[in-house]
Amino acid sequence: MEIEKSNNGQQNIVVLNNERSYLKSISLGIKFAMDHFGDLTKCMWPFFLLTILLPFPGILFFKGQRDALLRRWIKLGYLPSVGPKALLSELFPRVVRAFFSFLIILVCCIACYFALILPTMYGKNTWYGLMAFGVLALIFIPFDFCIWRLSWSDNSILKCLGSYLDGVRHYGKLFSFLLLNTILYTFVSLIAVLPLFAASLTQMEVFNARAMGELALLPASFYVMLVLAYIVFMVIMLFCDLFYSFSACLCWGSIEEVPTNSEVETSGVDRIVG
């Protein structure tokens with residue numbers, strides 16, 4: 001990564017449209033998100049709270065605000081330090097697009113689920129289900145490119161939904177990018193869910209004991225810990241989504257020309273060329 005030093009170093013200018021590998025997209029995206037952790041929290045905190053209290057449709061508003069912020073980053077070349085109200089004009093159009101992205105993911109998940117269980121239901125070997133699941137998962141990978149365009153481009157929703165073949169043309173890079181991110185964030189998720197899983201398991205054991213007629217009680221502090229474990233898990237998962245989105249933006253910019261503001265002033269700032 002080439003860095004040009006500046007006098008005041010107030011902002012980092014990221015060149016989105018630049019040839020880079022999927023590994024560099026991931027590492028640079030995570031680094032940039034970590035460097036701007038405070039700005040992200042300042043802009044996103046109401047939507048963290050909404051999603052924790054009401055996961056659906058809270059997650060759609062979270063993604064809508066996230067995409068509005070990233071679009072501002074794409075166009076300006078740097079991440080502005082703004083509060084949640086600054087992006088309200090862009091929020092609801094992005095929420096609608098987030099809903100269509102959610103539908104794509106839902107349809108793919110349902111198809112993979114039935115591909116996994118149907119062979120077993122009809123008496124076939126479990127391996128048939130696993131193979132069908134794997135084949136469908138590989139076929140659905142280019143839909144992620146459709147989701148990227150839905151999230152951050154100015155193209156119409158129908159045009160974005162029809163971007164599957166464009167994703168196929170870059171299948172190798174998409175596959176590598178998604179595979180590495182899946183491994184990375186699955187590992188983080190497993191660590192984040194451990195306290196919540198342990199608390200839920202304890203609660204289930206107590207319920208089973210009560211069903212068998214035993215006197216089993218949990219202290220009030222246990223339920224406080226259960227809520228705290230849930231909040232910690234949700235916050236970690238939402239920040240993982242933000243980190244992934246920065247990497248995905250950079251990967252998208254390395255695949256196709258993304259419209260940006262060509263008049264961004266780059267003098268007197270740190271310019272990061274990824």
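The model is predicted. Its average pLDDT is 84, and 89% of the residues score at least 70. Two stretches need caution. Residues 1–11 stay under 50 in pLDDT, and the model gives them 23 contacts beyond four places in sequence. Residues 262–274 are also below 50, with 42 contacts in the model beyond near neighbours in sequence.

Now the fold. The chain holds 10 helices and three strands. Along the sequence the pattern runs β-β-α-α-α-α-α-α-α-α-α-α-β. Of the 274 residues, 41% are buried. Consider the contacts between residues at least 6 apart in sequence: 78% of them join residues at least 24 apart.

The largest nonpolar core contains 46 residues. Within this core, the residues with the most contacts are Trp73, Ile74, Trp148, Trp152, Phe177, Leu242 and Phe246. Two or more residues each come from α1 (22–35), α2 (37–53), α3, α4, α6, α9 and α10. The biggest contributor is α10, with 13 residues. A second core is separate and has 13 residues, including Ala192, Leu196, Phe222 and Ala229.

Beyond its neighbours within four places in sequence, Trp152 contacts Asp67, Leu70, Arg71, Ile74, Arg94, Ser245, Ala248, Cys249 and Trp252. Ile74, one of these partners, is also among the core residues with the most contacts.

Trp152 belongs to the buried part of α6. Why is α6 largely enclosed by the rest of the structure? Nine of its 10 residues are buried, so the helix has the rest of the structure around it for most of its residues. The buried ones are Asp144, Phe145, Cys146, Ile147, Trp148, Arg149, Leu150, Ser151 and Trp152. The list includes a charged pair of residue types, Asp144 and Arg149.

Arg97 is found in helix α4. Is Arg97 buried or exposed? Its relative accessibility is 10%, so Arg97 counts as buried. Leaving out residues up to four places away in sequence, Arg97 touches Arg149, Leu150, Ser153, Asp154, Asn155, Ser156, Ile157 and Cys160. Two of these partners, Arg149 and Leu150, are buried residues of α6. Arg97 and Leu60 lie 37 residues apart along the chain, and their C-alpha atoms are separated by 9.0 Å.

Ser25 gives a view from α1, the helix in which it lies. Ser25 has 0% relative accessibility, so it counts as buried. Apart from neighbours within four places in sequence, its contacts are Arg20, Phe177, Ser247, Leu250, Cys251 and Ser254. Phe177 is again one of the core residues with the most contacts.

Two or more lining residues each come from α3 (55–76), α4 (88–121), α5 (126–140), α6 (143–152), α9 (171–211) and α10 (220–255). Which helix gives the largest share of the lining? That is α4, with nine residues. By class, the lining has 28 nonpolar, seven polar and five charged residues.

Technical notes
Residues are numbered from 1 along each chain as its sequence is written. This is a predicted model: local features need pLDDT of at least 70, side-chain atom pairs count only at pLDDT 80 or more; totals for chains, interfaces and linings use all residues. Side-chain values use heavy atoms; hydrogens and water are left out. Helices (H or I, at least four residues) and strands (E, at least two) are DSSP runs, numbered from the N terminus. Buried means under 20% relative accessible area, exposed over 50%, partly exposed in between (1.4 Å probe, protein chains only). pLDDT is the predictor's confidence in each residue, from 0 to 100. Contact means heavy atoms within 4.5 Å. A nonpolar core is a set of buried Ala, Val, Leu, Ile, Met, Phe, Trp, Tyr and Cys residues joined through side-chain atoms within 4.5 Å.
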